[in-house]
Amino acid sequence: MNGYGGSILRVNLTDGKLTKEPTPAQLAKDFIGGRGFGAYFLFKEVPKGADPLGQENKLIISTGPLSGMLAPGGGKCDWTTKSPLTGGYADASMGGHFTAELKYAGLDSIILEGVSPTPVYLFIETDKILLLDASSLWGKGAIDVEVELKHKYGEEYQVAAIGPGGENQVLYACINHDFGRQAGRGGVGAVMGSKKLKAIVLHGTKSVPVADLEGYRKAGMALYKACKDAEGLAEWSRYGTTIVTTWCNEVGALPTRNFSAGSFELADNINGQAMRNEIVITDKGCFGCPSPCGKYSNMKRYNTQVEGPEYETIGLMGSNLGIGDIQAVAEANRLADDLGIDTISAGSCIGWAMECYEKGILTKADTDGLELKFGNIDAVFALIKKIAYREGKIGNLLALGVKRAAQQVGKGSEKFAIQVKGMEQSAYATHNATAMLLAYMTCDVGAHHNRSWAITYDLQVGRDKVVPEKVARVIWLQNFRPMFDVMGSCRLQWVELGIDRDLYCPLLEAITGVKRSWQDLEAVGNRIWNLTRMYWVRENDSFGREWDLPAQRFYTDPPKTGATAGQITKFEDVQRLLDMYYDQRGWDTNGLPTQGTLETLNLTTLVT
Amino acid sequence: MGLEPHLNKAMTVTIRPLGMLKTYIGELKEISVEAGLSVRETLHLIGINPDLVAGVFVNEELKTKDYILQDGDIVKLLAVIGGG
């Protein structure tokens with residue numbers, strides 16, 4: 001099948017059985033790949049009510065037709081599962097070089113099933129596939145394991161591994177690859193850990209069939225040329241995602257002290273310029289990337305190195321914890337990466353704990369003696385370790401995620417647990433940015449920004465306005481942006497360099513032989529969005545409107561300082577946003593897709 | 001005070017919006033501004049919402065919007081982006 005590896009690999013970790021089956025042509029037609037494949041397999045194969053950390057849950061790794069091809073940023077794969085953090089749908093997109101090797105091994109998806117009785121790692125060398133003993137790797141850091149396996153097999157072998165956080169099933173454990181790329185969110189690393197799968201080692205040597213070789217070359221080169229010619233390429237590549245730090249601070253979107261404000265007085269110490277001047281050694285890109293956003297950093301004070309930090313980590317592990325020190329943020333990043341926990345969720349949990357401590361809700365008796373004040377760098381380092389190893393009362397508490405932790409602690413702490421559907425909010429404060437707030441409220445994995453980054457639109461049309469155009473914008477972005485995760489390529493070339501998105505259509509057609517416009521692709525995006533929504537409905541009997549409410553802080557507790565001081569979203573506006581959103585999506589007033597909507601999207605058979 | 005394009009009353013700077021900013025504000029080239037104005041003040045004067053500008057590069061160096069423009073400066077404006 002043109003544009004595809006051609007096979008789905010099933011790995012049953014319970015009995016060690018390895019099977020391959022052809023990638024169904026109808027699946028490729030309806031869901032294209034990546035997140036589309038993941039959502040389909042999850043809905044179809046994981047039984048209702050499955051324990052996310054039990055035998056029945058599956059972890060599905062999927063490439064797309066642009067993965068490993070002559071496509072800018074064609075190094076993305078998607079890890080899909082039932083989230084142990086939220087109990088709902090989760091997928092996490094991962095860059096690096098793993099995806100290309102997966103495709104060259106002839107695989108479109110790996111479906112990890114069951115639970116191994118002992119620690120193992122999966123070894124794939126094109127058609128040679130083995131489950132091998134990982135008892136000597138168990139307990140080691142994810143970066144250390146990658147180094148060890150690269151030394152054992154060779155530089156061309158790609159490695160994805162969990163750290164102790166995944167082994168200990170921290171509910172937001174991540175999967176690490178390429179010394180600093182992650183499948184970060186939703187606890188995919190905890191699912192991998194629950195299966196006793198420490199790592200995957202991968203190298204492929206097959207070619208990928210293409211429908212129109214000359215058209216492929218031309219369309220691919222046109223995309224690369226657009227990237228290379230893009231004004232702003234040098235500036236973007238110099239700073240990567242961290243360039244947004246100063247801007248977020250200016251507009252009151254930089255999470256500060258557990259999102260109690262959106263501007264941080266020490267932002268200049270942790271922005272892109274500070275990072276570049278103080279710690280960056282060199283740039284780093286993923287497979288096929290013409291605009292590398294990754295940065296390798298050296299932290300002289302600690303004599304350590306890390307890939308990062310990205311903006312999200314600066315926001316959650318820096319300003320959100322009251323830390324205005326880029327070396328400390330980068331060191332926290334390194335610890336979290338090696339121990340295998342998501343920096344966004346971990347930063348949010350620690351920020352919440354610090355606020356609890358400063359308000360007297362938690363005391364030293366609860367924190368194993370840690371002085372959990374904002375800005376206490378040593379306490380942050382200690383907590384990251386305690387969380388990853390589930391050490392002590394505080395480590396065990398925060399390993400559950402901020403929603404469960406706040407439910408356990410109570411005393412009003414639920415009000416400042418910054419999450420939606422159980423997922424900690426990423427690094428945009430939304431006290432007064434109603435489109436971005438709605439994007440977080442309705443994101444299909446919980447409060448994550450990558451589906452719909454609508455905050456620019458807030459600033460264009462008026463940040464507190466609650467109008468149908470904003471809702472339409474959020475929906476359009478939700479249907480459109482995740483299509484990069486379906487096709488298996490990075491969205492940042494479109495987002496950051498502003499290249500013409502229509503250039504992707506002839507490339508996709510030349511590779512697959514199927515002509516698709518962006519209108520067609522957005523229709524697929526809409527189908528997947530409704531499928532993931534139905535997954536939440538199926539797995540949670542009480543699912544509905546209440547699940548889409550934002551963190552209370554954003555409609556009850558205006559910042560006292562910074563660009564958004566005194567500003568807040570009214571609760572009636574939160575409800576109006578949902579009314580308009582459900583109406584435009586074709587969902588009922590409780591937020592459930594109607595029968596008519598499911599029929600229009602040809603989903604009825606799959607979801608009933 | 002302020003800006004009078006191409007009259008060269010005080011000093012000349014070149015302003016270049018990059019990437020997606022062009023879709024909001026089009027191409028801008030040489031303009032004349034009074035001495036002593038910051039980037040932020042200049043953006044207001046030429047009708048660009050400073051909140052839509054993520055990065056200000058003056059002669060290839062990243063500056064804040066409080067930077068006071070100098071004669072002959074080449075200012076590139078990078079649009080807000082999508083985070084991680």
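Two residues are in contact if their C-beta atoms, placed from the backbone, lie within 7 Å. In chain B, 62% of the contacts with a separation of 6 or more join residues 24 or more positions apart.

This is a predicted model, in which local features need pLDDT of at least 70, side-chain atom pairs count only at pLDDT 80 or more, and totals for chains, interfaces and linings use all residues. Residues are numbered from 1 along each chain as its sequence is written, while chains are lettered from A and ligands numbered from 1 in the order in which they are written.

Start with chain B. Chain B has 2 helices and 5 strands. Helices (H or I, at least four residues) and strands (E, at least two) are DSSP runs, numbered from the N terminus. Along the sequence, their pattern is β-α-β-α-β-β-β. Of the 84 residues in chain B, 36% are buried. A buried residue has 20 or more other C-beta atoms within 10 Å of its own, with C-beta atoms placed from the backbone.

Now turn to where the chains meet. Chain B brings 18 residues to the contact, and chain A brings 25 residues. On the side of chain B that touches chain A, strand 3 (53–58) and strand 5 (74–79) are the elements giving two or more residues. Strand 3 of chain B supplies the largest share, 3 residues.

Finally, look at G38(A). It lies in helix 2 (residues 35–45) of chain A. G38(A) counts as buried because it has 31 C-beta neighbours inside 10 Å. Leaving out residues up to four places away in sequence, G38(A) touches I60(A), S62(A), D78(A), T80(A) and D91(A).

Definitions and conventions. A residue is buried if 20 or more other C-beta atoms lie within 10 Å of its own, exposed if 12 or fewer, and partly exposed in between; C-beta atoms are placed from the backbone.
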